[in-house]
Amino acid sequence: MGLLLMNLCAQRLQIGAVRSNFIFTQNCKLSSGGAVLPQPYKTFSSLPTQRRLPGPCTCPDGAKILRDHIPQNQYEELMQRRSKEFQHYKARSNSVLSKLLFALPNSPLQYPIQGFIVRPLTPTAIPGLGLHAEERNSYKVGSGGMKLIIESSSPLILNDLLAKVSYTSTIYHVNTGDLITFQFENYEAVFPITIQQPQVPILYDMGTDISSQVTIITKTFLRYKQLRVLLDSIRKFYSDIKVIIADDSLQPENVTGENIQHYIMPPAQGWFAGRNLAVSQVTTKYFLWVDDDFLFSEKTKIEKLVEVLEAVPELDVVGGSVQGNRFYFSILYEEGDENEGGCLYRKSGGKFHRLPGYPQCHLASGVVNFFLARTDAMQRVRFDPKLQRVAHSEFFMDGLGSLMVASCGDVTIDHQPKNRNPTYNKFRYPKRSDAEFKLQLHFFKNHLKCIRYG
C-alpha cells in the first residue's frame, strides 16, 4: 500500500513489507491493480494553491531599457533563444516545494510540516503521522485519490499503523521535493518532503597561522612597477603568505620571490579571466583580493577579516576600505514576467543593516576590489570572462541570492598614485562598444528588462 504522492511521476510508500507503486501527474495515469478506488473527499478550501507568478516589473527612474540596445535584426531570434534558456533555468531552480501550502484550522490530522528529508531511492519512515479526533465508531484516513486507506475502530491501532508508513522515491534526483496529501473526512492536509542526496563535506585545514588560512591574489596588466611595490608592502607585514598573480601583459616580465606564483596568460584576456585563473589555484580556505596598485599598511590587518568570516559562517565575502573609503553597494531586483524579464537597480553606497556582533560592519550586496572571500563560495559563482574591463558589480549580480556579503570599515589598504601609462589607459577604460556589449549581456544572460547604476 502507499500514500498518494503528487508531482513526481512515480513514487512509492510502504507499510511494513507491503508496497504499492503508482503514478500521478498531469501526463500519467493512476493504477490500482484492479481494485475499485473510492472517490476522494471534497474539501471546502478556496485558498490559492500556487505562488502568484511575477508580473511586469517597474524600471527605476533613469534605468537603461535593454531591448533598445539589441540590434533590431537580431531581436526576435535572440528572444527565442533567451526564452528557451530561461525555461531551462527554471527547470533547474524551481521546486515542487515552492507550492503554497496552508495549515488547516482545528484539524485533527498530525503530520510533519518542515524538516522531513529523505535520501533518493531510500525507504524512510514518515515521522509524526497521526489522527487526534473525537470518539467515533470508525476512523478512516487516506491519501489523495484514496490510493491508500487505513480504517480501524481503534484510534490507537490506526496511529500505530500510521507510524509504520514510509516513503521511497523511485526517481533518482539529488535535490528535489515531493508533496503528500493526508485526508480524514472533510479535512485534507498537504505536507512537503525534501529529497536530497547528502553532500560529502569539503573542509579546509586552517593550520596555525595566517599563511595557512589566506592566499593573496591579484591580476596585473602592464603595471610591473606598481606590482613590485605591492609585493614589497605585503612582505613587510606578511613575510610567508602565498601570493598568486595572474598576468595578461603584452610583454610579460619575470616576477619571482618566495611563495609567489606567477601565471602568464595570453595577452589582454581581461580582468575576470585573470580572476578566474588566480582563484582556481587557491588552496586555502580564504583568499584576499587586491588590485596590483594597492599598498599594504599597518592598518591592513587580514586577521580581522578572517575573524569575521570565522565567527559568521554564513558570510561568504567581507570587504575592507581603500584609503578609508568603503566601496559597497546594494542590488534591488524584481523578477518581472517571463517575457520581458527583471528590473535591477545597483545602488552605490547602499547597505542593509549592521552585522550582529560587529558594529563596524554592514551587510550589503557587493563590495569592490578589496575583500576576503571563501574560496569555495566564489568558485561556485565564477567571474564571467566575457567581461574584460570594468566589472565591479557584475560578479555580485551573478551571485545575488547565493552570496552573503559584508563591508567592514576597520581594515584598510592604501592606493598607489594613478598610472599614467598611455598604453595601459587604452586598455583600462571601456569604450562605447564595451558598454553596449555589457548591456546586451545583461539582457540575455541575466534575463533583464532594464538596469540602473546609481
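## Bridges and rings in a predicted model

Cys361 and Cys408 are joined by a disulfide, with their sulfur atoms 1.9 Å apart; the term stands for a pair of cysteine sulfur atoms within 2.5 Å. What you are looking at is a predicted model, where local features need pLDDT of at least 70, side-chain atom pairs count only at pLDDT 80 or more, and totals for chains, interfaces and linings use all residues. Residues are numbered from 1 along each chain as its sequence is written, and side-chain values use heavy atoms, leaving out hydrogens and water.

Let's stay with that bridge for a moment. Cys361 sits in strand S23 (residues 358–364) and Cys408 in strand S26 (residues 405–415), 47 residues apart. Strands here are DSSP runs (E, at least two residues), numbered from the N terminus. Both cysteines, Cys361 and Cys408, are buried, a word that means under 20% relative accessible area with a 1.4 Å probe, counting protein chains only.

How many disulfides does a search of the whole structure find? It finds three. Cys57 is joined to Cys343 with an S to S distance of 2.0 Å. This pair links distant parts of the chain, 286 residues apart, with Cys57 in the loop between strand S3 (18–22) and strand S4 (64–65), and Cys343 in strand S21 (residues 341–348). Cys59 bonds to Cys450, their sulfur atoms 2.1 Å apart. Here Cys59 lies in the loop between S3 and S4, while Cys450 belongs to strand S27 (residues 448–453), 391 residues away.

Now turn to the aromatic rings. Rings of Phe, Tyr and Trp (its six-membered ring) pair if their centres lie within 6.5 Å; planes under 30 degrees apart count as stacked, over 60 as edge-to-face and the rest as tilted. This rule gives 13 aromatic pairs. Phe287 and Phe371 have ring centres 6.3 Å apart and planes at 65 degrees, so they are edge-to-face. Because Phe287 is in strand S17 (residues 286–289) and Phe371 in strand S25 (residues 371–374), the pair ties together parts 84 residues apart in sequence. Phe287 and Phe371 are buried. They belong to one aromatic cluster, whose members include Trp271, Phe329 and Phe383.

Finally, how far can you trust the picture? The mean pLDDT (the predictor's confidence in each residue, from 0 to 100) of the chain is 87, and 87% of its residues reach 70 or more. Over residues 1–45, though, the pLDDT is below 50. Where pLDDT is low, predicted coordinates should not be read in detail.

Notes: Helices (H or I, at least four residues) and strands (E, at least two) are DSSP runs, numbered from the N terminus. Buried means under 20% relative accessible area, exposed over 50%, partly exposed in between (1.4 Å probe, protein chains only). Contact means heavy atoms within 4.5 Å.
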